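Student: Could you walk me through how the helices of this protein meet, and what lies on its surface?

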Amino acid sequence: MKWSYRVGQIAGTDIKLHITFLLLLAFIAVVGYASGGVASAIGSTIMIVALFGCVLLHEFGHILMARRFGVRTPDVILLPIGGLARLERIPEEPRQELLIALAGPAVTLGIAVVLFIILWLTGAPLDVEHLGRLDQPLLQNLMVINVILLVFNMIPAFPMDGGRVLRALLAMRLGLRRATKVAASVGQALAVVFGMWALFSGNPILLLIAFFVFLAAGAEATAIETSAAGRGLAVSDMMVTHFQAIPVYAPLQQAVALLLEGEQREFPVIDNDGRVEGLLTRENLIKGLADHGADSTVAQAMTPRVPNVDPALEFGIALQRLRQSGLPALPVIDSAGRLVGLLTMDNISDLLLVRRAQGFG
């Protein structure tokens, strides 16, 4: 995700903060300072940091359970609306997804129970009348907010945990694709209800959450459709095999000619031995012409050291690698080190449209 920055790593999973999370901390500190000075600003900030510590533990509940089933989690991102653990793949077995979905809420429940026990053992007064007010003691607030998060998270609004539980249960009868469609539709319907309630109650945070749920539910349904349509495919089935490569020291004017004479928009850049040195995209070319002129070399404009993919790589991993690269295409290199194709997002999209029309997935 853009604007996310790695701040550490736990058990092989990168911990990232989205810039909006830092803006939230700054906002909370300013509001606290305005209402009660330095002490209030520090207290409010500590409260938010402690809360997101609980959110991080919740996400690691999902992560550790997923790891039991061989599903890696490259990173977890902290956002103002919570945490987002990115699973490498969705388990094929619905029971596994059910356990992964329940693991996070189980951790949140455990945190609330532990905090209640601590409050009870220490004899701290529990102000039931003012539960949830930020001017209450830190541990009491954390306990109450964790209970609220637990209840809210279990609402069956996909892609929240409750929605994932719903999908896992439905998948046991309907299969993953149909179950995702149903769960996503339920999630979007509930998001509309949340959004209307937020508008009438003047709650901007709930409106933001509703907007996120609506978009995320649709994105998840699309991702499952894509995965189903691409099942059984390898890079060799998706790559462009008729393409032009361009020498690394060729003038940009030569690249302009290639761009204008056909539909190719990305050009693998090769050295004298045919090894790939980089990728020249249309955006690279236009910027290179503007910055250096038509007589400058391709090497001055290209994106160097681009990742490559193997022809035998399966669809899901190849698509993820292409997306993570941020590039519109990646060179396909076989086991002998030869450039044999280009994996482009346009070609993948066209192939998936054809397969859906033919009834695949």
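Here are a few questions and answers on helix packing and a surface patch.

Student: At what angle do helix 1 and helix 2 pack?
Tutor: Good place to begin, and keep in mind that this is a predicted model. The axes of helix 1 and helix 2 lie 7 Å apart, and the crossing of this pair is right-handed. Their packing angle is about 145°.

Student: How many charged residues are in the contact of helix 1 with helix 2?
Tutor: Let's look at who takes part. Helix 1 brings residues including Cys 54, Leu 57 and Met 65, which meet residues of helix 2, among them Leu 99, Val 107 and Ile 111. By class, the contact has 11 nonpolar and 5 polar residues, and the charged ones number none: no charged residues.

Student: How many charged residues does the contact of helix 4 with helix 5 have?
Tutor: Helix 4 covers residues 161-174 and helix 5 covers residues 176-201, with axes 8 Å apart. Their contact includes Arg 167 of helix 4 and Arg 178 of helix 5. Alongside 9 nonpolar and 2 polar residues, the number of charged residues is 2.

Student: Which helix gives the largest share of the nonpolar patch?
Tutor: This surface patch of about 690 Å² is made by Tyr 33, Val 38, Ile 42, Ile 46, Val 114, Ile 118, Leu 138 and Leu 139. Helix 1 (19-68), helix 2 (94-121) and helix 3 (138-153) each supply at least two of the patch residues. Ile 42, for instance, sits in helix 1. The largest share, 4 residues, comes from helix 1.

How values were computed: Residues numbered from 1 in each chain as written. Predicted model: local features only at pLDDT ≥ 70, side-chain atom pairs only at ≥ 80, totals over all residues. Heavy atoms only, no water. Axes fitted to C-alpha atoms, helices over the stretch in contact; angles between N-to-C directions. Contact = heavy atoms within 4.5 Å. Nonpolar A, V, L, I, M, F, W, Y, C, P; charged D, E, K, R; others polar. Patch = residues over 30% accessible without salt bridge, like charges linked within 9 Å, V, L, I, M, F, W, Y side chains within 5 Å. Areas by Shrake-Rupley, 256 points an atom, 1.4 Å probe, with all protein chains shown as cover. Salt bridge = Lys/Arg side-chain N within 4 Å of Asp/Glu carboxyl O. Left-handed = near helix turned anticlockwise from the far one by under 90°.
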